[in-house]
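Please examine the sequence and the three-dimensional model shown here before reading on. The explanation after it is meant to be followed with both in view.

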Amino acid sequence: MCNNFFRKSECTDYCDTRKTIVVRDSGNSQEYRVTNVSSKEFCKIRVDNCLIREGEKCDYLILNCQDKLAFFVELKGQDLKKALVQIDSSISILTPEIQEFKIYARIVLNRTPSPNINSSIEIKLKKRLKKHNGEDSREFVKYMSQVLQESI
């Protein structure tokens with residue numbers, strides 16, 4: 001289960017078993033969507049200017065409470081590197097509250113990203129998440145243009 005730090009936070013939009021969790025900013029077309037196939041409890045938490053008010057931070061944190069999965073979500077125009085930095089910073093700040101969770105980065109861009117295979121920021125973040133999560137079948141860092149959808 002999710003701890004009271006998130007459950008009682010003014011930044012938490014909800015903690016429940018809804019079938020679809022949608023993250024989007026008003027006025028933007030980017031969308032992160034999770035289909036809750038097993039009716040597990042999920043929490044949707046606003047990070048930007050709520051849970052974290054200063055410095056680099058991502059937009060949202062989605063928690064799968066039963067399976068202990070944490071998805072840091074950034075909705076971005078086209079700057080993939082900046083999105084990776086924002087997520088990395090948010091993970092650093094919030095890890096003490098989700099130590100027992102496996103952590104993932106999810107980025108939805110306005111335009112199709114032109115991936116830099118050798119981006120040191122992305123490589124560093126993937127290594128960090130692999131160290132934290134151990135062997136895992138999910139992608140540690142995932143990005144897409146317009147809509148990123150996954151079933152959990």
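The paragraphs below treat the sheet, its central strand pairings, the packing around them, the aromatic rings and a loop residue.

This is a predicted model, in which local features need pLDDT of at least 70 and side-chain atom pairs count only at pLDDT 80 or more, while totals for chains, interfaces and linings use all residues. Residues are numbered from 1 along each chain as its sequence is written, and side-chain values use heavy atoms, with hydrogens and water left out.

Helices (H or I, at least four residues) and strands (E, at least two) are DSSP runs numbered from the N terminus. An open sheet contains 6 strands in the order 1-4-5-6-7-8, with mixed pairing; two strands pair if DSSP finds at least two bridges between them. Strand 1 (12-16) and strand 8 are the edge strands, each pairing on one side only. From one strand to the next, the twist averages 15 degrees.

Within this sheet, strand 5 (residues 60-64) pairs with strand 6 in the antiparallel sense over 5 bridges. Leu61 has Phe72 of strand 6 as its bridge partner, and Asn64 has Leu69. The two strands form a hairpin with 4 residues between them, and Lys68 in the turn has a positive phi of about 60 degrees.

How many residues of strand 6 are buried? The count is 8 of the 8, so strand 6 is largely enclosed by the rest of the structure; buried means under 20% relative accessible area, exposed over 50% and partly exposed in between, with a 1.4 Å probe and protein chains only. In a regular strand the side chains alternate between the two faces of the sheet. In strand 6, Leu69, Phe71, Val73 and Leu75 are buried on one side, and Ala70, Phe72, Glu74 and Lys76 are buried on the other.

Helix 2 lies across strand 5, strand 6, strand 7 and strand 8, at about 145 degrees to strand 6. Helix 3 packs on the sheet and touches strand 7 and strand 8, its direction making about 150 degrees with that of strand 7. Such axes are lines fitted to C-alpha atoms, for helices over the stretch in contact, and angles run from 0 to 180 degrees between N-to-C directions.

The largest nonpolar core has 48 residues, and those with the most contacts inside it are Tyr32, Leu61, Leu63 and Phe72. Such a core is a set of buried Ala, Val, Leu, Ile, Met, Phe, Trp, Tyr and Cys residues joined through side-chain atoms within 4.5 Å. Beyond its neighbours within four places in sequence, Tyr32 is in contact with residues including Ile21, Phe71, Val73 and Arg106, where contact means heavy atoms within 4.5 Å.

The whole structure holds 2 aromatic pairs; rings of Phe, Tyr and Trp (its six-membered ring) pair if their centres lie within 6.5 Å, with planes under 30 degrees apart counted as stacked, over 60 as edge-to-face and the rest as tilted. Phe71 and Tyr104 are stacked, at 5.1 Å centre to centre and 20 degrees between the planes. The rings of Tyr104 and Phe140 have centres 6.5 Å apart and planes at 15 degrees, so this pair is stacked.

Finally, Glu97 is found in the loop between helix 2 (80-94) and strand 7 (102-109). Glu97 is partly exposed, at a relative accessible area of 28%.
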